[in-house]
Amino acid sequence: MPTKSWFEQDGKRGRKSTARNGNQQTNQWSNVVPKIKIKTNRAAAKRFRKTASGKFKCGHAFKSHILTKKSTKRKRGLRATNHVRAEDAGRVQRMLPYL
């Protein structure tokens, strides 16, 4: 048997490489190009949550520390749900495509 040339071997112990579309059947999806997946912005994913109505909830600023000098009324107001404004919601939606 003659020696196989470099393009007939697959590099693994001299086995002959198989063609990708040789005698195999091709299905209907073989020519379809898959859609590109969009990466989620991980920083935004940790800061926003989506509500059932489609709005985005986010945390309040000035709520984590040095609370003794803030009035009770101010701290009580910071307990309320904070929603992203409508003009910023589009930017948040782009950062969180699968949320």
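The model is a predicted one. Its protein chain contains three helices and three strands. Read from the N terminus, these elements follow one another as α-β-β-α-β-α. The chain has 99 residues, of which 8% are buried. Its accessible surface amounts to about 9600 Å², and carbon and sulfur atoms account for 52% of that area.

Strands of a sheet pair through backbone hydrogen bonds, in either a parallel or an antiparallel sense. In this model, the three strands make up an open sheet with the order E1-E2-E3, and the pairing is antiparallel. Strand E1, residues 48-50, and strand E3, residues 82-83, are the edge strands, each of them pairing on one side only. The pairing of E1 with strand E2, which covers residues 56-58, is antiparallel and runs over three bridges. Within this pairing, Arg49 has Lys57 of E2 as its bridge partner.

In soluble globular proteins, nonpolar side chains tend to be buried together. The largest nonpolar core of the model consists of six residues, namely Ala44, Phe48, Phe56, Val84, Val92 and Leu96. Two of these residues, Val84 and Val92, show how the set is connected. When neighbours within four places in sequence are set aside, Val84 is in contact with Phe48, Phe56, Cys58, Ala89 and Val92. Val92 belongs to helix H3, which comprises residues 86-95. With the corresponding neighbours left out, Val92 touches Phe48, Phe56 and Val84. Val92 and Phe56 stand 36 residues apart along the chain, yet their C-alpha atoms are separated by 8.1 Å. Val92 has a relative accessible area of 4% and therefore counts as buried, since the limit for a buried residue is under 20%.

The charged side chains give a second set of interactions. Side chains of opposite charge can pair when their charged atoms come close. Across the whole structure, two salt bridges are found. Glu87, at 47% relative accessibility, is partly exposed. In another salt bridge, the side chain of Arg91 meets that of Asp88, again with an N to O distance of 2.6 Å. Both Arg91 and Asp88 lie in helix H3, where three residues, about one turn of the helix, separate them. Arg91 is partly exposed at a relative accessible area of 48%, and Asp88 is likewise partly exposed, with a value of 31%. Helix H3 thus holds the buried Val92 as well as the partly exposed Arg91 and Asp88.

Most residues other than glycine have a negative phi. Phe62, located in the loop between E2 and helix H2 (72-79), has a phi near 65°, which is a positive value in a residue other than glycine. Phe62 is also exposed, with 61% relative accessibility. Ile66 occupies the loop between E2 and H2 as well, and its phi, near 55°, is again positive in a residue other than glycine. Ile66 is partly exposed, its relative accessible area being 46%.

Helix H2 itself contains Arg74, a partly exposed residue with a relative accessible area of 44%. Between Arg74 and Lys63 there are 11 residues of sequence separation, and their C-alpha atoms lie 9.5 Å apart in space.

Terms used
Residues are numbered from 1 along each chain as its sequence is written. This is a predicted model: local features need pLDDT of at least 70, side-chain atom pairs count only at pLDDT 80 or more; totals for chains, interfaces and linings use all residues. Side-chain values use heavy atoms; hydrogens and water are left out. Two strands pair if DSSP finds at least two bridges between them. Helices (H or I, at least four residues) and strands (E, at least two) are DSSP runs, numbered from the N terminus. Buried means under 20% relative accessible area, exposed over 50%, partly exposed in between (1.4 Å probe, protein chains only). Accessible areas come from the Shrake-Rupley method with a 1.4 Å probe; for residues, only the protein chains shown count as cover. A nonpolar core is a set of buried Ala, Val, Leu, Ile, Met, Phe, Trp, Tyr and Cys residues joined through side-chain atoms within 4.5 Å. Contact means heavy atoms within 4.5 Å. A salt bridge is a side-chain nitrogen of Lys or Arg within 4 Å of a carboxyl oxygen of Asp or Glu.
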